Amino acid sequence: MQKMNHKSIAIIIPAFKKDFFEDTLISIVNQTDRDFNIYIGNDGGDREIGDLVEKYKGELNITYKYFNENIGKKDLVKSWERTFDLMQDEDYFIFFSDDDIFESNCIEEIRKSINENPDNDVFHFELSFIERDNERKVNKKGIYKKRTTSFEFYNLLIRKKIEARMPDFIFKTSTFKKNQGFVNFPLAIRSDNATVIKNSLKKPIIQVNAKVFWRRSNKNISANVNGNIEKIFYYNLSRIKYLEWIKNIFGTDNLNIWESLYIYISIVSRYKLDKFYNKILLSEINKPKYFINLLKISIIISPFLRFIKKVKR
């Protein structure tokens with residue numbers, strides 16, 4: 001493994017499926033700056049991933065570990081943590097996916113940004129998408145400012161003015177560890193956003209002049225929620241817990257009321273959950289007094305929303 005310089009960088013990939021993994025590795029091989037290490041943790045997934053790692057080991061500094069137990073099925077964030085623990089002492093890391101793509105100048109540009117902003121803790125690549133037909137599409141939503149505060153990030157995200165995933169962010173390792181790592185919500189819903197917010201509370205997010213492509217896939221957890229009652233339950237529970245977390249971070253006055261209302265409308269009118277799951281969700285909602293009126297409002301207006309949906313059809 002190569003000797004690290006002062007601004008050492010790690011690419012960390014929790015892997016499970018092989019479908020597009022070679023595309024990901026090729027995008028890493030094509031980096032104009034190859035001064036980084038890669039850590040890949042296979043969460044009990046396709047063993048062919050190991051064959052691909054062997055194929056590119058001569059070109060990349062890769063540490064690979066196959067885990068027999070698929071813990072991501074039960075707790076996705078714990079799977080992230082297990083792969084993160086493979087990392088050595090790099091100063092910064094990118095937490096990537098097994099099917100996403102780097103633009104060839106990503107490492108070169110993040111190193112420039114780090115050198116120019118050594119005190120900042122979170123950096124951001126421009127985010128675009130790979131559609132299900134493998135077509136690459138530019139993100140049409142707003143581009144991040146050169147510097148974005150954590151509260152601006154939260155507000156823009158909730159208002160759907162920007163997009164955010166995990167692979168488009170770069171973290172300073174020392175700050176990430178000091179902040180006790182990833183924020184864990186069920187199914188990891190909003191865990192990526194909360195982790196970004198937690199690590200950028202003191203210093204703004206720095207925009208990097210390079211792009212990553214996030215793949216839209218039916219195999220993503222968020223794409224497989226509809227129709228699965230248990231996943232629907234945990235999906236909504238996670239969003240409720242995220243709002244509670246945001247309230248504790250920024251205060252009740254700064255909580256976005258429309259996000260809150262949308263969640264409760266979803267629970268009451270959109271999803272058909274059995275009585276057991278609904279009882280738990282409603283008990284979670286009613287814990288903070290702040291949410292009780294929102295629940296009442298959602299119950300009142302949900303028939304109106306269903307009527308609008310029928311008219312649109």
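Here are some questions and answers about this predicted model.

Q: How many contacts beyond four places in sequence does the model have for residues 269–274?
A: Two stretches are worth a look here. Over residues 1–5, pLDDT stays under 50, and the model has 16 contacts beyond four places in sequence for them. Residues 269–274 also stay under 50 in pLDDT. For residues 269–274, the number of such contacts is 17.

Q: How many helices and how many strands does the secondary structure come to?
A: The protein has 313 residues, and buried ones make up 52% of them. Its secondary structure comes to eleven helices and ten strands.

Q: Residues 24 or more positions apart account for what share of the contacts with a separation of 6 or more?
A: Take the contacts in the protein whose separation is 6 or more. The part of them that joins residues 24 or more positions apart is 79%.

Q: What share of the accessible surface belongs to carbon and sulfur atoms?
A: The protein's accessible surface is about 15600 Å². Carbon and sulfur atoms hold a share of 50%.

Q: Are α5 and α7 roughly parallel or roughly antiparallel to each other?
A: Helix α5 covers residues 150–158 and helix α7 covers residues 191–199. Their axes come within 8 Å and cross at roughly 155°. Angles over 145 degrees count as roughly antiparallel. So the relation of α5 to α7 is roughly antiparallel.

Q: How many nonpolar, polar and charged residues are in the contact of α5 with α7?
A: On the α5 side, the contact is made by Ser150, Phe153, Tyr154 and Leu157. From α7 come Asn193, Val196 and Ile197. Sorted by type, that's five nonpolar, two polar and no charged.

Q: Is Lys160 buried or exposed?
A: Lys160 isn't a glycine, yet its phi is positive, at about 60°. Lys160 is in the loop between α5 and β9 (169–172). Exposed means over 50% relative accessible area. With 60% relative accessibility, Lys160 therefore counts as exposed.

Q: What is the relative accessible area of Gln180?
A: Gln180 is another residue other than glycine with a positive phi, near 65°. Its place is in the loop between α6 (173–178) and α7. Gln180 is exposed, because its relative accessible area is 69%.

Methods
Residues are numbered from 1 along each chain as its sequence is written. This is a predicted model: local features need pLDDT of at least 70, side-chain atom pairs count only at pLDDT 80 or more; totals for chains, interfaces and linings use all residues. Side-chain values use heavy atoms; hydrogens and water are left out. pLDDT is the predictor's confidence in each residue, from 0 to 100. Contact means heavy atoms within 4.5 Å. Axes are lines fitted to C-alpha atoms, for helices over the stretch in contact, and angles run from 0 to 180 degrees between N-to-C directions. Helices (H or I, at least four residues) and strands (E, at least two) are DSSP runs, numbered from the N terminus. Angles under 35 degrees count as roughly parallel, over 145 as roughly antiparallel, 65 to 115 as roughly perpendicular and the rest as oblique. Ala, Val, Leu, Ile, Met, Phe, Trp, Tyr, Cys and Pro count as nonpolar, Asp, Glu, Lys and Arg as charged, and the others, Gly among them, as polar. Buried means under 20% relative accessible area, exposed over 50%, partly exposed in between (1.4 Å probe, protein chains only). Accessible areas come from the Shrake-Rupley method with a 1.4 Å probe; for residues, only the protein chains shown count as cover.
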